[in-house]
2 protein chains.
Amino acid sequence: MSVVDIHTHMYPPSYISLLQSRYDGAGSAVPYIRTFEDAPDDPRLIILPDEDAKGGRGRPVGPEYWSVEQKIAFMDTHNIETSVVSLANPWLDFLSGFESPTWAAKINDDFEAICASHSPRLFFFGVLPLSGPPLTIIAEIKRLQTLKYARGVVIGTTGLGRGLDDPEMGKIWEALEETNTFVFLHPHYGLPSSVYGSRASEYGHVLPLALGFPMETTIAVARMWISCVWDRYPGLQILLAHAGGAIPSLAGRLQSCLEHDGHLRGNGKEEGPKRTIQEVLKQNIYLDAVVYGEVGISAAVGLVGKDRVMFGTDHPFFPPLGADEKEWLSVRTNYDAIQEAFTDEQDQDAKGVLGGNAIKVLRLQVD
Amino acid sequence: MSVVDIHTHMYPPSYISLLQSRYDGAGSAVPYIRTFEDAPDDPRLIILPDEDAKGGRGRPVGPEYWSVEQKIAFMDTHNIETSVVSLANPWLDFLSGFESPTWAAKINDDFEAICASHSPRLFFFGVLPLSGPPLTIIAEIKRLQTLKYARGVVIGTTGLGRGLDDPEMGKIWEALEETNTFVFLHPHYGLPSSVYGSRASEYGHVLPLALGFPMETTIAVARMWISCVWDRYPGLQILLAHAGGAIPSLAGRLQSCLEHDGHLRGNGKEEGPKRTIQEVLKQNIYLDAVVYGEVGISAAVGLVGKDRVMFGTDHPFFPPLGADEKEWLSVRTNYDAIQEAFTDEQDQDAKGVLGGNAIKVLRLQVD
């Protein structure tokens, strides 16, 4: 049985250099990589604006982020045959429009070379220069079609800067739909920190990571739906990170709130999306299985169908806290959740989630 | 079979008067009830700060909010035998600490009289003067024990003003636990409006109501859990509105993020809650069934167990948009969801959700 990991990140060496070049002492804009005086050999990645505050040092960033050998070793340890790697957040959102097209092409070429070096075990979702001129974005979408190992693109929730319901995104969605480009939507910005209250710093990064990240994805996809993106681009297919966050819980309420909103409906009005969110979920959305629990997996499958859920690991994030643990708890938890979510009779469905769905949808041609 | 509605709101006449008295022209602080010049007989309830902007007029507020006859008629139409009514958001959060104890007592006495007038079909969750001195809050918790139809309290997510993880809440949790007072936690504040982007006003109230409300509840309960409220008050039992929002989707991720957080765990550290969120959910949390979909109901049942999910309607909110519709679509959607979530063999479980669980847990003594 082939296991495919569709949610696994890599920073090509060029991206690491870019992040290192951005640290310029206190007050540097995130993201960046820096070291501290008392640990000059321990580079740390600072992604969130408040991660470099007193006592906070972001996360260690070592070869697990850039080494293809470590990626393959991680895959072997966890019985993963194929990985579709993607640049992690925040991608190139932080670059100026002048810089981003060049970097996107360079990083995508790096990914292509990395995948070719370990064919057929690696494929990738490319990165787009979303801060660049729309023509450069569309050109990169088309160029990705020519790269043998590219299987789609990874994007965040801000789009061109104003979110995924921005009308200016139309020409990007159009290009993605026309080229049948698969889109992996991943969070980065979370929620405003005020929602976690004044004690948030006592809780490590638990609340922003566990709640803010997935809620950001849910809000983004709801904004796409209610602004009728899928009415205009019905072929657009999007994979949501972390099973879409809260969408399995809240899809029913979303639809009900639309149907009860006097501004959009009633008195013969039919404003808002033509298809229900449940229909769009079953026709245009894929969910990864990165939910760490049987209830979450079952809800994801119930919502989009067994053919539209795909295993992932989120590697190299959420490593074991104990240095001697070879198997990762985070991966084991997701494997166990899938096993618990399906009965013995549903073994084929479980295999679909573990790899078959991704092989088919992303044409992975695994032996 | 007895159907019990545990999520249904009423504004006693005294609360309506209070809201009317708060409108004092443009710039009045929400919540308030006002009329507009072109419709002097159409009082409108403004709850959210931006609801009274150009073109927005909040929602109509008529006898469905205060009339016990209309509540009973709604119950009869929808085959509801018993309702546990509660004051709707924002309760008394907006009052000064000087005013709130008096109003809480008056409103609770009003509820007691309303329930007595239609015994045994009505019970209520009382309101607490949370902006008042802690001694007055504790006194009202104890006084509610003496009211025949009181079955707990309804609270929002701000607690004494700083959230439910505020250490000052300890003495309130202690009083609630000691008196075995059942707590209904309901959202009001939603999320900062920036998360919905610049086009939010085009979408009516869909996004704040469908996403912000339930996400607020989820964040609140996560803050309670991670601040170890249930380690200190293991007897505290809380019912979450709207099935806890996103908690069925995100419980696994919450636990996983705690276990992978280097600030709280690892190197022998065991900071944070002693029990997993999944354990707390099964031992201390009830979820209402106000989720408008089978996937949401199944996830709720999977998370807390079939004995801890309870039917609700959210009446008088989400009325039909067509004036001639006697049966409410919002109620029908929730009934259908429960029917779909259980097989014929699980009929007893469905009956538990529809009423049996509430009768047992809240001691409703329905004939």
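In which loop of chain A is N180(A) found? The points below answer this and describe three further sites.

The structure is a predicted model, in which local features need pLDDT of at least 70, side-chain atom pairs count only at pLDDT 80 or more, and totals for chains, interfaces and linings use all residues. Residues are numbered from 1 along each chain as its sequence is written, chains are lettered from A and ligands numbered from 1 in the order in which they are written, and side-chain values use heavy atoms, with hydrogens and water left out.

1. N180(A) is found in the loop between α5 (170-178) and β8 (183-185) of chain A. Helices (H or I, at least four residues) and strands (E, at least two) are DSSP runs, numbered from the N terminus. Although N180(A) is not a glycine, its phi is positive, at about 50°. The residue counts as exposed, with 67% relative accessibility; exposed means over 50% relative accessible area, buried under 20%, and partly exposed in between (1.4 Å probe, protein chains only).

2. Y292(B) likewise is a residue other than glycine with a positive phi, here near 60°. Its place is the loop between β12 (285-288) and α10 (294-304) of chain B. Y292(B) counts as buried, at 4% relative accessibility.

3. In chain A, a cis peptide bond runs from N89(A) to P90(A), and its omega is near 5°. P90(A) belongs to the loop between β5 (82-86) and α3 (100-117).

4. In chain B, the peptide bond from V30(B) to P31(B) is cis, with omega near -5°. The loop that holds P31(B) lies between α1 (13-21) and β2 (32-36).
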